[in-house]
Amino acid sequence: MLNSARLARHDGGMTPSPETNVPMSTSENTSSQWEDALTFVALQRDQHAYAELFSHFAPRLKAFGMKMFGNEQQALEMVQDTMLNVWKKAVLFDATRGCASTWIFTIARNVRFDMLRKKQSRKDDICADDLWLDGEYPEMEADDNAAVWDSHLLMDKLRPHFDKLPPAQREVIEKVYLQEKSHQEVSDELAIPLGTVKSRLRLALDRLREALDGARN
Amino acid sequence: MAHAIKFHPSMALLEQFAEGTLSADVALAVSAHIDLCPHCQRLNRDITADMASQLEKAAPKGSPTDWQDMIAAIVAQPQLAKSAQPEPVQAQPIRVNQREFVMPRALQRLAAEHGKWLQLGGIATAKLPAGAGHHVSLLYIADDTEVPQHTHLGLEMTLVLAGKIVDENGEYVAGDLLINSPDDTHTPRTLAGQDCLCLSVLSAPLQFKKGLTRLLNPLQQFFY
């Protein structure tokens, strides 16, 4: 998804930015710098844009690999393989389907999974391509789940379970249900995309539903 | 949805699936469930996006690395052309007992390489080439058949792929994911005029040492 405005903005020739330059996207529809960077890598073999992406993600991917391998050499191999895929397959990235970070994360996860399986020298086996669909399911359920749960009565029952939520989800659910802020307000306040607010809310609600079920049994 | 899937993997299982830390055979059952369940498709998408955004925002730690050589080696490589997207392959149905079944996406490649069907009464099983243990198999149960009591050391995951099966606790349709511990005794059976095809995953208990009780949670029902 490319438009001329974004092209023009990048024409100045950006230098690779330091890692502290975190994108501050406040709206779902405003693409962040990483989606732009990937688009330029795909269309123009833009090495500056690629270096920018690389310097942000590579150290974080390395930490992600270290967690699993506990071994720097393999973690670096995972980073190299992942970032090579990002370079080669940039043209397959579709910003309408999700964030650049999600795309890169899933590549790294799949590379890591297949490396681990190979290490266990298993042939003829389950591989990342079996497990994770590359793309989107056609019939996603409508986004109506949260509405069903949006009642004050229920919230009283759920509130004791808030403490067990992961901090990021708890923060969002408290702002929405206890402080009664709109999704957009929460998005602005926390400087996270609106879509992230909504997905954290849904995840929190599903966790709470599980906690409720557990309490009933 | 023509029918409601009632038995879903727990959030803990879905999170480990998205993170890629679940053992491969269990992940395969979760993946096939997701293929059949729009509710978990959405959850999986959200969990993955959330994990990715946490990775993106994380402060980098560990010793600094000099990446210049790696970057140079990568950008010297050719890039894919737009036309390089792979064509989707047409799934071949699985045949058993003069019946044909289309597999969920996650199982298509492996199911095409299934082993010989072993038949015992109304029950037939065929192993899938999924790792050394060979504990991933398709399980076909003809109509009006009782599955004999069986014991196993680890967890038994059963994903209904087609048809219907019932036990003392309820009935299970395509997409329902059942997880039974060694202590569970239940007698699943098919009803008259309704056969059933399942994916069965048996796991060694060692793989579940961590968080066993959390993994047992998934039997909760989402919709009541």
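## Crossing of two helices

A crossing of two helices is called left-handed if the near helix is turned anticlockwise from the far one by less than a right angle, and right-handed if it is turned clockwise. In this predicted model, the crossing of α3(A) and α4(A) is right-handed.

The axes of α3(A) and α4(A) are 8 Å apart, and the two helices pack at an angle of about 140°. Angles over 145 degrees count as roughly antiparallel and those from 65 to 115 as roughly perpendicular, so α3(A) and α4(A) are oblique to each other. On the α3(A) side, the residues in contact include A:Tyr50, A:Phe54 and A:Leu61. Among those of α4(A) are A:Leu76, A:Val79 and A:Trp87. By class, this contact has 14 nonpolar, 3 polar and 2 charged residues.

## Where chain A touches chain B

Contacts between the chains involve 54 residues of chain A and 50 residues of chain B. On the chain A side, α3, α4, α5, α6 and α11 each supply at least two residues. The most come from α3(A), which gives 12 residues. Sorted by class, the chain A side has 24 nonpolar, 9 polar and 21 charged residues.

## Two residues with positive phi

A:Arg45 is not a glycine, yet its phi is positive, at about 50°. This residue is found in the loop between α2 and α3 of chain A. A:Arg45 counts as partly exposed because it has 14 C-beta neighbours inside 10 Å.

In chain B, B:Asn97 has a positive phi near 55° and is likewise a residue other than glycine. B:Asn97 lies in the loop between β1 and β2 of chain B. With 14 other C-beta atoms within 10 Å, B:Asn97 is partly exposed.

Conventions
Residues numbered from 1 in each chain as written. Chains lettered and ligands numbered in written order. Predicted model: local features only at pLDDT ≥ 70, side-chain atom pairs only at ≥ 80, totals over all residues. Contact = placed C-beta atoms within 7 Å. Helix = DSSP H or I, 4+ residues; strand = E, 2+ residues; numbered from the N terminus. Nonpolar A, V, L, I, M, F, W, Y, C, P; charged D, E, K, R; others polar. Axes fitted to C-alpha atoms, helices over the stretch in contact; angles between N-to-C directions. Parallel < 35°, antiparallel > 145°, perpendicular 65-115°, else oblique. Buried ≥ 20, exposed ≤ 12 C-beta atoms within 10 Å, placed from the backbone.
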